[in-house]
Amino acid sequence: MSDLSDMKRRSIFDLAPERERLELPDPLKGRNNRVHILALGDVGATLLLGLKTLGAGLIETIGIYDMNQAVMARYEMEMNQIGWPLTAMGQESRRLPRVVCLKESELFQCDMFIFCASKAVPKIGAKGDVRMMQFEANRQIAVHYGKLAGEAGFQGIFAVVSDPVDPLCKEALLASGLKAGQVRGYGLGVMNKRAEYYAAQNPDMASYLTEGRAFGPHGGDLVIANSIEHYDDTISRELTRLTVEANLRVRELGFKPYLAPAFSSGAMSLLLTLSGQWHYSSVYLGKGREGAFLGVQNRICSDGRGAQIRLEDLPLPQALYTRIEKAYKNLCQIV
(Lines give C-alpha, C1' and ligand atoms only; values in the text may rest on other atoms or scores of the structure.)
Protein backbone atom coordinates (compact mmCIF):
# COMPACT_ATOMS: atom_id res chain seq x y z
CA MET A 1 0.00 0.00 0.00
CA SER A 2 1.30 3.46 -0.91
CA ASP A 3 2.17 6.09 1.66
CA LEU A 4 1.27 9.76 1.27
CA SER A 5 4.86 10.63 2.15
CA ASP A 6 6.12 8.68 -0.88
CA MET A 7 8.51 11.07 -2.62
CA LYS A 8 8.40 9.08 -5.86
CA ARG A 9 4.95 10.26 -6.81
CA ARG A 10 4.68 11.14 -10.50
CA SER A 11 2.47 13.18 -12.79
CA ILE A 12 0.50 12.03 -15.81
CA PHE A 13 2.47 14.63 -17.76
CA ASP A 14 5.71 12.73 -17.10
CA LEU A 15 4.52 10.20 -19.68
CA ALA A 16 5.16 12.66 -22.51
CA PRO A 17 7.32 15.68 -21.55
CA GLU A 18 7.25 16.71 -25.23
CA ARG A 19 3.60 16.92 -26.26
CA GLU A 20 1.16 18.74 -28.45
CA ARG A 21 -0.87 21.58 -27.01
CA LEU A 22 -4.36 20.28 -26.38
CA GLU A 23 -6.45 23.06 -27.86
CA LEU A 24 -9.63 23.47 -29.88
CA PRO A 25 -10.11 26.22 -32.47
CA ASP A 26 -13.46 27.33 -31.08
CA PRO A 27 -14.84 27.69 -27.55
CA LEU A 28 -17.68 25.48 -26.37
CA LYS A 29 -21.09 26.92 -27.21
CA GLY A 30 -22.88 25.84 -24.05
CA ARG A 31 -26.17 25.37 -25.91
CA ASN A 32 -27.66 24.86 -29.39
CA ASN A 33 -24.93 22.44 -30.43
CA ARG A 34 -25.14 20.54 -33.70
CA VAL A 35 -24.05 16.94 -33.18
CA HIS A 36 -23.63 14.49 -36.07
CA ILE A 37 -23.44 10.71 -35.77
CA LEU A 38 -21.82 8.42 -38.34
CA ALA A 39 -23.36 4.91 -38.52
CA LEU A 40 -26.44 3.60 -36.73
CA GLY A 41 -25.51 0.10 -35.67
CA ASP A 42 -26.14 -1.16 -32.14
CA VAL A 43 -23.85 1.42 -30.51
CA GLY A 44 -24.70 4.34 -32.79
CA ALA A 45 -28.46 3.87 -32.46
CA THR A 46 -28.30 3.47 -28.68
CA LEU A 47 -26.04 6.51 -28.37
CA LEU A 48 -28.52 8.44 -30.52
CA LEU A 49 -31.31 7.51 -28.11
CA GLY A 50 -29.19 8.72 -25.19
CA LEU A 51 -28.39 12.07 -26.78
CA LYS A 52 -32.00 12.53 -27.85
CA THR A 53 -33.46 11.93 -24.39
CA LEU A 54 -30.69 13.58 -22.33
CA GLY A 55 -29.53 16.41 -24.60
CA ALA A 56 -32.28 18.99 -23.99
CA GLY A 57 -30.91 22.51 -23.60
CA LEU A 58 -27.44 21.53 -24.83
CA ILE A 59 -28.07 20.02 -28.29
CA GLU A 60 -30.27 21.65 -30.91
CA THR A 61 -30.06 19.07 -33.69
CA ILE A 62 -28.64 15.56 -34.07
CA GLY A 63 -27.68 14.76 -37.62
CA ILE A 64 -27.52 11.08 -38.57
CA TYR A 65 -25.78 9.38 -41.48
CA ASP A 66 -25.78 5.71 -42.39
CA MET A 67 -25.13 3.95 -45.68
CA ASN A 68 -28.52 2.26 -45.27
CA GLN A 69 -31.10 4.89 -46.24
CA ALA A 70 -33.96 2.92 -44.69
CA VAL A 71 -32.14 2.85 -41.33
CA MET A 72 -31.74 6.64 -41.46
CA ALA A 73 -35.40 7.14 -42.35
CA ARG A 74 -36.50 4.81 -39.55
CA TYR A 75 -34.51 6.63 -36.87
CA GLU A 76 -35.50 10.09 -38.11
CA MET A 77 -39.15 9.11 -37.73
CA GLU A 78 -38.90 7.23 -34.44
CA MET A 79 -36.58 9.65 -32.65
CA ASN A 80 -38.70 12.66 -33.59
CA GLN A 81 -41.73 10.88 -32.12
CA ILE A 82 -40.02 10.79 -28.70
CA GLY A 83 -40.69 13.73 -26.41
CA TRP A 84 -42.85 15.40 -23.84
CA PRO A 85 -46.48 16.24 -24.75
CA LEU A 86 -46.99 19.83 -25.89
CA THR A 87 -48.98 20.53 -22.72
CA ALA A 88 -45.79 19.91 -20.73
CA MET A 89 -43.58 22.11 -22.91
CA GLY A 90 -43.63 25.21 -20.74
CA GLN A 91 -39.96 24.80 -19.93
CA GLU A 92 -37.36 25.22 -22.69
CA SER A 93 -35.21 22.64 -20.90
CA ARG A 94 -37.73 19.97 -21.93
CA ARG A 95 -37.38 20.58 -25.66
CA LEU A 96 -35.53 17.54 -26.96
CA PRO A 97 -33.07 17.78 -29.86
CA ARG A 98 -34.46 17.39 -33.37
CA VAL A 99 -33.03 14.50 -35.43
CA VAL A 100 -32.25 15.14 -39.10
CA CYS A 101 -30.92 12.95 -41.92
CA LEU A 102 -27.63 13.94 -43.52
CA LYS A 103 -25.69 13.53 -46.72
CA GLU A 104 -22.08 12.40 -46.31
CA SER A 105 -20.94 15.84 -47.53
CA GLU A 106 -22.73 17.46 -44.56
CA LEU A 107 -21.13 15.32 -41.83
CA PHE A 108 -18.61 17.93 -40.73
CA GLN A 109 -20.97 20.90 -40.65
CA CYS A 110 -21.35 20.56 -36.90
CA ASP A 111 -19.86 21.21 -33.47
CA MET A 112 -19.25 17.53 -32.67
CA PHE A 113 -18.82 14.60 -35.06
CA ILE A 114 -19.26 11.14 -33.51
CA PHE A 115 -17.56 8.19 -35.22
CA CYS A 116 -19.57 5.02 -34.56
CA ALA A 117 -18.71 3.16 -37.75
CA SER A 118 -17.57 -0.44 -37.46
CA LYS A 119 -16.88 -2.90 -40.25
CA ALA A 120 -16.33 -5.96 -38.08
CA VAL A 121 -18.01 -6.68 -34.75
CA PRO A 122 -16.77 -9.95 -33.16
CA LYS A 123 -19.43 -12.65 -32.96
CA ILE A 124 -20.74 -14.01 -29.69
CA GLY A 125 -18.25 -16.55 -28.42
CA ALA A 126 -15.19 -14.85 -29.92
CA LYS A 127 -12.06 -15.37 -27.81
CA GLY A 128 -9.26 -12.93 -26.91
CA ASP A 129 -9.33 -9.12 -26.92
CA VAL A 130 -12.43 -8.58 -29.03
CA ARG A 131 -11.75 -4.85 -29.20
CA MET A 132 -8.38 -5.19 -30.93
CA MET A 133 -9.86 -7.72 -33.36
CA GLN A 134 -11.69 -4.78 -34.96
CA PHE A 135 -8.64 -2.57 -35.49
CA GLU A 136 -7.52 -3.65 -38.95
CA ALA A 137 -11.08 -3.56 -40.29
CA ASN A 138 -11.97 -0.19 -38.75
CA ARG A 139 -8.71 1.75 -39.14
CA GLN A 140 -9.27 2.43 -42.85
CA ILE A 141 -12.72 3.82 -42.11
CA ALA A 142 -11.21 6.10 -39.46
CA VAL A 143 -8.55 7.26 -41.93
CA HIS A 144 -11.21 7.97 -44.58
CA TYR A 145 -13.31 10.15 -42.31
CA GLY A 146 -10.24 11.76 -40.80
CA LYS A 147 -9.24 12.90 -44.28
CA LEU A 148 -12.76 14.18 -44.96
CA ALA A 149 -12.64 16.17 -41.71
CA GLY A 150 -9.33 17.76 -42.70
CA GLU A 151 -10.54 18.57 -46.22
CA ALA A 152 -13.66 20.19 -44.76
CA GLY A 153 -11.59 22.41 -42.45
CA PHE A 154 -13.49 20.96 -39.50
CA GLN A 155 -13.31 23.14 -36.39
CA GLY A 156 -15.27 21.01 -33.94
CA ILE A 157 -14.72 17.86 -31.88
CA PHE A 158 -14.01 14.56 -33.64
CA ALA A 159 -15.25 11.96 -31.12
CA VAL A 160 -14.36 8.29 -31.63
CA VAL A 161 -16.64 5.70 -30.02
CA SER A 162 -15.87 2.66 -32.21
CA ASP A 163 -13.44 -0.01 -30.97
CA PRO A 164 -10.57 -0.02 -30.45
CA VAL A 165 -11.12 3.60 -29.41
CA ASP A 166 -7.59 4.78 -28.66
CA PRO A 167 -5.73 3.46 -31.74
CA LEU A 168 -8.55 4.65 -34.01
CA CYS A 169 -8.22 8.14 -32.53
CA LYS A 170 -4.57 8.26 -33.59
CA GLU A 171 -5.40 7.04 -37.08
CA ALA A 172 -8.03 9.78 -37.43
CA LEU A 173 -5.73 12.47 -36.01
CA LEU A 174 -2.80 11.68 -38.30
CA ALA A 175 -5.04 11.43 -41.37
CA SER A 176 -6.93 14.64 -40.67
CA GLY A 177 -4.30 17.18 -39.71
CA LEU A 178 -6.70 18.49 -37.06
CA LYS A 179 -5.43 19.96 -33.81
CA ALA A 180 -4.56 17.26 -31.27
CA GLY A 181 -7.22 18.57 -28.90
CA GLN A 182 -10.00 18.13 -31.45
CA VAL A 183 -9.79 14.33 -31.62
CA ARG A 184 -11.00 12.50 -28.53
CA GLY A 185 -11.79 8.89 -27.64
CA TYR A 186 -14.79 7.68 -25.65
CA GLY A 187 -14.27 4.26 -24.11
CA LEU A 188 -13.15 4.85 -20.53
CA GLY A 189 -16.48 6.05 -19.12
CA VAL A 190 -17.99 2.58 -19.11
CA MET A 191 -14.83 1.06 -17.64
CA ASN A 192 -15.19 3.42 -14.70
CA LYS A 193 -18.82 2.40 -14.23
CA ARG A 194 -17.95 -1.30 -14.53
CA ALA A 195 -15.31 -0.83 -11.85
CA GLU A 196 -17.92 0.88 -9.68
CA TYR A 197 -20.30 -2.02 -10.28
CA TYR A 198 -17.83 -4.58 -8.94
CA ALA A 199 -16.49 -2.32 -6.18
CA ALA A 200 -20.01 -1.94 -4.80
CA GLN A 201 -20.20 -5.73 -4.37
CA ASN A 202 -16.93 -6.18 -2.48
CA PRO A 203 -16.08 -4.28 0.76
CA ASP A 204 -12.36 -4.70 0.02
CA MET A 205 -12.82 -2.74 -3.19
CA ALA A 206 -15.28 -0.16 -1.90
CA SER A 207 -12.63 2.56 -1.72
CA TYR A 208 -12.93 2.89 -5.50
CA LEU A 209 -16.40 4.37 -5.10
CA THR A 210 -15.03 7.48 -3.37
CA GLU A 211 -11.28 7.52 -4.05
CA GLY A 212 -10.71 5.51 -7.23
CA ARG A 213 -9.73 6.46 -10.76
CA ALA A 214 -9.54 4.80 -14.16
CA PHE A 215 -6.70 5.36 -16.64
CA GLY A 216 -5.59 4.09 -19.99
CA PRO A 217 -7.31 2.37 -22.90
CA HIS A 218 -10.68 0.75 -23.32
CA GLY A 219 -9.09 -2.69 -23.39
CA GLY A 220 -6.56 -5.08 -21.90
CA ASP A 221 -4.10 -2.42 -20.69
CA LEU A 222 -6.76 -0.64 -18.64
CA VAL A 223 -5.56 0.64 -15.26
CA ILE A 224 -8.02 0.78 -12.38
CA ALA A 225 -6.72 2.29 -9.14
CA ASN A 226 -8.71 1.58 -5.98
CA SER A 227 -7.45 4.88 -4.56
CA ILE A 228 -4.84 7.51 -5.38
CA GLU A 229 -3.91 8.41 -1.80
CA HIS A 230 -4.19 4.86 -0.43
CA TYR A 231 -3.29 2.84 -3.50
CA ASP A 232 -3.33 -0.94 -3.05
CA ASP A 233 -1.76 -2.73 -6.00
CA THR A 234 -3.29 -6.15 -5.31
CA ILE A 235 -6.83 -4.86 -4.92
CA SER A 236 -6.45 -2.54 -7.90
CA ARG A 237 -5.22 -5.28 -10.22
CA GLU A 238 -8.06 -7.60 -9.25
CA LEU A 239 -10.62 -4.84 -9.79
CA THR A 240 -8.97 -4.11 -13.13
CA ARG A 241 -9.33 -7.76 -14.15
CA LEU A 242 -13.00 -7.83 -13.27
CA THR A 243 -13.57 -4.60 -15.20
CA VAL A 244 -11.70 -5.68 -18.33
CA GLU A 245 -13.59 -8.99 -18.42
CA ALA A 246 -17.02 -7.46 -17.74
CA ASN A 247 -17.92 -7.43 -21.42
CA LEU A 248 -17.13 -11.16 -21.62
CA ARG A 249 -19.62 -11.85 -18.85
CA VAL A 250 -22.37 -10.31 -20.97
CA ARG A 251 -21.23 -12.25 -24.04
CA GLU A 252 -21.39 -15.48 -22.01
CA LEU A 253 -25.10 -14.78 -21.55
CA GLY A 254 -25.47 -14.63 -25.31
CA PHE A 255 -25.65 -10.86 -25.79
CA LYS A 256 -23.45 -8.15 -27.28
CA PRO A 257 -22.39 -5.71 -24.51
CA TYR A 258 -23.22 -2.39 -26.15
CA LEU A 259 -25.87 -0.73 -23.94
CA ALA A 260 -23.61 0.41 -21.10
CA PRO A 261 -20.79 1.60 -23.43
CA ALA A 262 -23.21 3.55 -25.61
CA PHE A 263 -24.51 5.44 -22.59
CA SER A 264 -21.62 5.65 -20.10
CA SER A 265 -18.74 6.06 -22.55
CA GLY A 266 -20.94 7.58 -25.25
CA ALA A 267 -23.96 9.77 -24.63
CA MET A 268 -23.26 10.77 -21.02
CA SER A 269 -19.55 11.45 -21.52
CA LEU A 270 -20.23 13.38 -24.73
CA LEU A 271 -22.77 15.59 -22.98
CA LEU A 272 -20.31 16.26 -20.16
CA THR A 273 -17.73 17.19 -22.80
CA LEU A 274 -20.03 19.69 -24.52
CA SER A 275 -20.94 21.28 -21.18
CA GLY A 276 -17.29 21.63 -20.11
CA GLN A 277 -17.55 19.25 -17.16
CA TRP A 278 -15.11 16.63 -15.86
CA HIS A 279 -15.47 13.25 -17.54
CA TYR A 280 -13.47 10.24 -18.74
CA SER A 281 -12.14 10.29 -22.30
CA SER A 282 -8.90 9.72 -24.19
CA VAL A 283 -6.64 12.64 -25.13
CA TYR A 284 -3.41 12.77 -27.08
CA LEU A 285 -0.15 12.69 -25.13
CA GLY A 286 2.93 13.06 -27.29
CA LYS A 287 4.19 15.02 -30.27
CA GLY A 288 3.63 14.25 -33.94
CA ARG A 289 3.54 10.50 -34.48
CA GLU A 290 5.39 9.86 -31.21
CA GLY A 291 2.51 9.50 -28.80
CA ALA A 292 -0.81 7.86 -28.08
CA PHE A 293 -4.32 8.56 -26.91
CA LEU A 294 -4.68 7.78 -23.21
CA GLY A 295 -7.84 7.80 -21.13
CA VAL A 296 -7.91 10.13 -18.14
CA GLN A 297 -10.34 12.46 -16.41
CA ASN A 298 -10.37 15.81 -18.20
CA ARG A 299 -12.51 18.76 -19.16
CA ILE A 300 -12.62 21.42 -21.87
CA CYS A 301 -12.18 24.98 -20.63
CA SER A 302 -13.29 27.85 -22.90
CA ASP A 303 -12.13 31.45 -22.63
CA GLY A 304 -14.31 33.04 -25.31
CA ARG A 305 -11.62 32.89 -28.01
CA GLY A 306 -10.81 29.18 -28.03
CA ALA A 307 -10.67 26.20 -25.75
CA GLN A 308 -8.05 24.12 -23.96
CA ILE A 309 -8.19 20.67 -22.42
CA ARG A 310 -7.35 20.45 -18.73
CA LEU A 311 -6.23 17.03 -17.47
CA GLU A 312 -6.77 15.92 -13.90
CA ASP A 313 -3.17 16.04 -12.63
CA LEU A 314 -3.02 13.91 -9.49
CA PRO A 315 0.25 12.96 -7.70
CA LEU A 316 0.55 9.29 -8.62
CA PRO A 317 2.36 6.73 -6.45
CA GLN A 318 5.19 5.04 -8.32
CA ALA A 319 3.50 1.61 -8.48
CA LEU A 320 0.43 3.13 -10.11
CA TYR A 321 2.46 5.36 -12.42
CA THR A 322 4.41 2.32 -13.63
CA ARG A 323 1.19 0.58 -14.64
CA ILE A 324 -0.03 3.67 -16.53
CA GLU A 325 3.35 4.13 -18.17
CA LYS A 326 3.29 0.53 -19.44
CA ALA A 327 -0.19 1.03 -20.90
CA TYR A 328 0.90 4.27 -22.58
CA LYS A 329 4.04 2.73 -24.09
CA ASN A 330 2.04 -0.21 -25.43
CA LEU A 331 -0.41 2.18 -27.06
CA CYS A 332 2.48 4.09 -28.64
CA GLN A 333 3.68 0.89 -30.28
CA ILE A 334 0.41 0.10 -32.06
CA VAL A 335 0.92 0.79 -35.76
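User: What radius of gyration would a compact globule with 335 residues have, and what does the protein have?

Analyst: The radius of gyration is taken over C-alpha atoms, and the globule rule is 2.2 Å times the number of residues to the power 0.38. For 335 residues the rule gives a value near 20 Å, and the protein, with 20 Å, agrees. Please note that this is a predicted model, in which local features need pLDDT of at least 70, side-chain atom pairs count only at pLDDT 80 or more, and totals for chains, interfaces and linings use all residues. Residues are numbered from 1 along each chain as its sequence is written, and side-chain values use heavy atoms, with hydrogens and water left out.

User: How many helices and strands are in the protein?

Analyst: Both are DSSP runs numbered from the N terminus: helices are H or I with at least four residues, strands E with at least two. The protein has 10 helices and 12 strands.

User: Is T46 buried or exposed?

Analyst: Buried means under 20% relative accessible area, exposed over 50%, and partly exposed in between (1.4 Å probe, protein chains only). T46 counts as buried because its relative accessibility is 10%. Of the 335 residues, 51% count as buried.

User: Where is T46 placed, and which residues is T46 in contact with beyond its neighbours within four places in sequence?

Analyst: T46 belongs to helix α1, residues 42-54. Contact means heavy atoms within 4.5 Å. Apart from those sequence neighbours, T46 touches Y258, L259, A262 and F263.
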